[in-house]
Amino acid sequence: MSVDQDIVPVAQPVLGPEEEAGVLEVLRSGYLSLGPRVPAFEEAFASRVGATCASAVSSGTAGLHLALRAVGVKDGDEVVTSPFSFVASANVALFERARPVFADIDPVTLTLDPDAAAAAITDRTTAILPVHIFGWPAELDALRRHGLPIVEDACEALGAQHPDGTPVGGTGDPAVFAFYANKQITTGEGGLVTMGDPEMKVRIDSERNQGRAPNMDWLDHDRLGFNYRLSDIACAIGLAQLGRLDDLLAGRARVAARYREALAGIDDLTLPCEDHGGRRRGWFVFVVQLPRRVDRDETIRALRDVGIQSKPYLPAIHLMSFYRERFGHREGEFPVCEDVAARSIALPFFPRMTDGQVERVATSLRAILEG
Ligand SMILES: *Cc1c(COP(=O)(O)O)cnc(C)c1O
């Protein structure tokens, strides 16, 4: 890397005086957890996506776990889901001794293929867990036809929109968001479940807090629970982030549009699909599929050599060693997912990325692929 060039990171959060002031206020109030910022953040988030209610939790993973429990997934059940996702969306079924049953993805949208999902359903299936991968809203209408509960992994999809104009998170089915530092909004670590059923919120609120009912003191608990709480410090950051959400989403959309122009015309390079069918992507990452002739890991190294971070994104879950060993998965089971997973890299992508940085990434990638 030449000394005069800064490293272009793969992700970078936007944090400012509003987040700092929010955190300071919490510190000075003395209410660091189970204080007023939690319901304030939940209500602001729910209203943003048009959901009846929301429960803030300690991570996206925790939210997916509690949402699966809330729709009744239990020991011995099967949950149909996508192998092209972050590993957490499959792991959560295992937390309940249920089995994640994978179905292949659509080659264009990279979300669960509804026909493949239909073929994977058995009489043990008790839920479908579609993933709005890379912020692209999955085909919920087709998946709903089976009459099974749906839990949406919306961890990458804040700002996305379904064909009927409903924001992702506002359908009434439990939908789970995540606030790790690379997501559309961050609280450091954190997550949140939106839902249409207030009874479900009562259950999730209790299970995130050791199984305590709202009217009980800490000496008694009426069900099994976890410590999946989100602190008031985190919720204060979340409130400030929500206040700048429009800016953050507009920034990501701008960077995506710049990438599209700057990467146009590279032979066999597949860019993220454009909005179609009434669906709108909530931009989260800019993932390209490299031409089949190119070595993906070499490309990542070559980019790193010129100061540009990128990463393989995402590896197929069924081919991870834990899943191979536990379930005997092997290559060839989900050919679309495997092909896409082997060729995909996430390029640097964040709201304040400059046009110059996008140019630099695009020019470098073009030179590596065409050179
Ligand atoms: C980020 C993410 C999660 C989990 O989020 P954590 O907050 O890290 O637990 C789950 N699914 C997908 C698709 C994600 O991108």
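**Ligand site and selected residues in the predicted model**

Arginine 296 lies in helix 10, which spans residues 296-305. The model is predicted. Arginine 296 has a relative accessible area of 16%, under the 20% limit, and therefore counts as buried. Its side chain reaches the backbone oxygen of serine 344 at 3.0 Å.

Arginine 244 sits in the loop between helix 8 (232-243) and helix 9 (245-262). Its relative accessible area is 14%. Arginine 244 is therefore buried, as the cut-off is 20%. In sequence, arginine 244 and leucine 15 are 229 residues apart. In space, their C-alpha atoms are 9.6 Å apart.

Aspartate 173 is buried because its relative accessible area, 18%, is under 20%. Valine 71 is 102 residues from aspartate 173 in sequence. The C-alpha to C-alpha distance between aspartate 173 and valine 71 is 9.5 Å.

The space taken by the ligand is the largest pocket.

The side chain of lysine 183 places an N or O atom 2.7 Å from a ligand oxygen atom. Taken alone, the ligand exposes 390 Å². The protein buries 92% of that area.

Backbone geometry was also examined. Most residues other than glycine have a negative phi, and most peptide bonds are trans. Leucine 34 has a positive phi, near 55°. This leucine is in the loop between helix 1 (17-29) and helix 2 (37-49). Its relative accessibility is 55%, over the 50% limit, so leucine 34 counts as exposed.

Glutamine 210 also has a positive phi, near 65°. Glutamine 210 lies in the loop between helix 7 (198-207) and helix 8. At 35% relative accessibility, glutamine 210 falls between the 20% and 50% limits and therefore counts as partly exposed.

A cis peptide bond joins tyrosine 313 and leucine 314. Omega at this bond is about 0°. Leucine 314 is found in the loop between strand 9 (311-312) and helix 11 (321-327).

Notes
Residues are numbered from 1 along each chain as its sequence is written. This is a predicted model: local features need pLDDT of at least 70, side-chain atom pairs count only at pLDDT 80 or more; totals for chains, interfaces and linings use all residues. Side-chain values use heavy atoms; hydrogens and water are left out. A polar contact is a pair of N or O atoms within 3.5 Å; within protein, one must be able to donate a hydrogen and the other to accept it, and residues adjacent in sequence count only if both atoms are side-chain atoms. Accessible areas come from the Shrake-Rupley method with a 1.4 Å probe; for residues, only the protein chains shown count as cover. On a 1 Å grid over the protein atoms alone, a cavity is a set of points where a 1.4 Å probe fits but cannot get out, and a pocket is an open set with protein on both sides within 12 Å along at least five of seven lines; lining residues have an atom within 4 Å of a point. A molecule sits in a cavity or pocket if more than half of its atoms lie within 2 Å of its grid points. Helices (H or I, at least four residues) and strands (E, at least two) are DSSP runs, numbered from the N terminus. Buried means under 20% relative accessible area, exposed over 50%, partly exposed in between (1.4 Å probe, protein chains only).
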